[in-house]
Amino acid sequence: MKLVPLGDRVVLKQLEAEETTKSGIVLPGQSKEKPQQAEVIAVGPGGMVDGKEVKMEVKVGDQVIYSKYAGTDVKLEEEELIIVRQSDILAVIQ
């Protein structure tokens, strides 16, 4: 099964939270809050949204930072995904 977002929506896969000690040891899952960093899995077509022309700025594979309380959590085939509007994406990590 595949998610195909509509309009200006973007499907994100949250990146795993990892905490690294000063000596370089990685401690996975130690984060108290979920990270706001994710990878773009699918991008909607853009076009006319709420009467305005929307050009999609992100593409599949981009790593992004999104707004803390944005989106809808979806579970698809044991994979947890987030669907957000493009306007909820704050930055692309390069």
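Along strand β7 (residues 63-66) of this predicted model, the side chains alternate between two faces. V64 and Y66 point to one face and are buried (under 20% relative accessible area, with exposed meaning over 50% and partly exposed in between; 1.4 Å probe, protein chains only). Strands here are DSSP runs (E, at least two residues), numbered from the N terminus.

Strand β7 pairs with β4 (residues 37-43) in the antiparallel sense over three bridges, where pairing requires that DSSP finds at least two bridges between two strands. Within this pair, I65 of β7 stands opposite Q37. Strand β7 is also joined to β10 (residues 89-93) by four bridges, again antiparallel, and here the bridge partner of I65 is A91.

These strands belong to an open sheet of six, with the order β8-β9-β1-β4-β7-β10 and antiparallel pairing. Because β8 (72-76) and β10 stand at the edges, each with a single partner strand, one side of each has no neighbour in the sheet. Neighbouring strands of the sheet are turned by 40° against each other on average, direction ignored (axes are lines fitted to C-alpha atoms, and angles run from 0 to 180 degrees between N-to-C directions).

Elsewhere in the sheet, β1 (residues 9-14) and β9 (residues 79-85) run antiparallel and are joined by four bridges. L12 stands opposite I82 in β9.

Residues are numbered from 1 along each chain as its sequence is written, and side-chain values use heavy atoms, without hydrogens and water. As the model is predicted, local features need pLDDT of at least 70 and side-chain atom pairs count only at pLDDT 80 or more, while totals for chains, interfaces and linings use all residues.
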